[in-house]
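Q: I have a structure open here and want to go through it. Can we start with the surface and then work inwards?

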Amino acid sequence: MKVDLVIPVLNEEAQLEASIRRLLSSGIAGWPAAVQIIIVDNGSKDGTAEIAGRLAAGIPAVSHHRLEERGRGRALKTLWLRSEADVLAYMDVDLSTGLEAFPKLIAPLVAGRADLAIGCRLHPQARVIRGWKREFISRSYNRLAQGMTGTRVRDLQCGFKAITRPAARRLLPMVEDTGWFFDTELLLLAEHLGCRIHEQAVTWTDDPDSRVRFCRTAWEDWKGLLRMRRALKRGQFGLPVNLQSNPIP
């Protein structure tokens with residue numbers, strides 16, 4: 001069993017090496033399958049590429065890939081479609097998610113009980129440390145997505161996800177977004193097409209140095225939700241969805 005763990009980065013010279021070494025010291029690269037950590041540089045202009053290259057050259061469990069075009073969704077789609085690993089995962093470079101959750105995230109996929117697994121900060125057993133503003137934004141976004149699309153997924157945007165290779169090959173060609181909405185679009189498609197989704201409670205500590213631009217991201221997410229609502233209603237991905245009969249859980 002092989003797992004590819006993708007870490008998308010953009011201008012992360014300040015924390016990249018420390019994060020990768022923390023991952024390695026946690027034993028994640030050897031649990032219990034062979035885990036390859038793939039740093040995907042999304043067009044960084046600082047020293048990120050040099051640091052990633054040095055780490056990859058000196059550590060067999062780490063590799064480095066460079067993309068000139070930006071976009072987290074683009075990075076994940078590109079590397080996941082190229083991968084021959086059994087399970088494809090990703091996490092944010094800030095390691096906001098407690099690493100003890102990684103085996104629990106992967107286990108249902110390895111055992112064949114799920115097609116996708118996602119970290120869930122809104123799970124009753126989750127422990128989340130973040131300010132009220134980001135908590136409000138997160139909960140509001142998920143409620144909006146539920147109201148617009150009927151999804152029953154509780155946390156669409158957590159930067160901690162995994163997918164089996166067969167599910168990735170089926171779903172990724174249909175995903176249009178290359179940025180932050182990628183996660184939501186992937187999960188809405190998976191849910192609509194009957195994929196089994198495992199929600200894993202996580203311990204989450206927000207990174208105060210987050211690079212997310214909330215206004216721009218919110219606008220892109222709004223447009224993405226409108227696009228997906230229209231696509232689901234007209235049956236673009238199969239049978240149309242009657243949104244009125246699929247209430248928020």
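A: Keep in mind that this is a predicted model. On the surface, Trp132, Phe136 and Ile137 form a nonpolar patch.

Q: How much accessible area do Trp132, Phe136 and Ile137 have together?
A: Together they have about 400 Å² of accessible area.

Q: Where is Ile137 found?
A: Ile137 is in helix α5, which covers residues 132-149.

Q: And why does Ile137 count as partly exposed?
A: Because its relative accessibility is 33%, and partly exposed covers the range between under 20% (buried) and over 50% (exposed).

Q: Switching to Thr97. Where does that one lie?
A: Thr97 lies in a loop, with β4 (87-91) on one side and α4 (102-110) on the other.

Q: Is Thr97 buried or exposed?
A: Thr97 counts as buried, because its relative accessibility is 4%.

Q: Which residues is Thr97 in contact with, leaving aside neighbours within four places in sequence?
A: Phe160, Val202, Thr203 and Trp204.

Q: Now the whole chain. How many helices and strands?
A: The protein chain has 8 helices and 9 strands. Its radius of gyration is 17 Å, close to the 18 Å from the globule rule for 249 residues, so the chain is as compact as a globular protein of that length.

Q: What does the C-alpha trace span along its principal axes?
A: About 55 × 35 × 35 Å.

Q: What share of the residues counts as buried?
A: Of the 249 residues, 52% count as buried. The chain exposes about 11500 Å², and carbon and sulfur atoms supply 54% of that.

Q: And contacts along the sequence?
A: Among contacts between residues at least 6 apart in sequence, 78% join residues at least 24 apart.

Notes
Residues numbered from 1 in each chain as written. Predicted model: local features only at pLDDT ≥ 70, side-chain atom pairs only at ≥ 80, totals over all residues. Heavy atoms only, no water. Helix = DSSP H or I, 4+ residues; strand = E, 2+ residues; numbered from the N terminus. Buried < 20%, exposed > 50% of the residue type's maximum accessible area, 1.4 Å probe, protein only. Contact = heavy atoms within 4.5 Å. Patch = residues over 30% accessible without salt bridge, like charges linked within 9 Å, V, L, I, M, F, W, Y side chains within 5 Å. Areas by Shrake-Rupley, 256 points an atom, 1.4 Å probe, with all protein chains shown as cover. Salt bridge = Lys/Arg side-chain N within 4 Å of Asp/Glu carboxyl O. Rg over C-alpha atoms; globule rule 2.2 N^0.38 Å.
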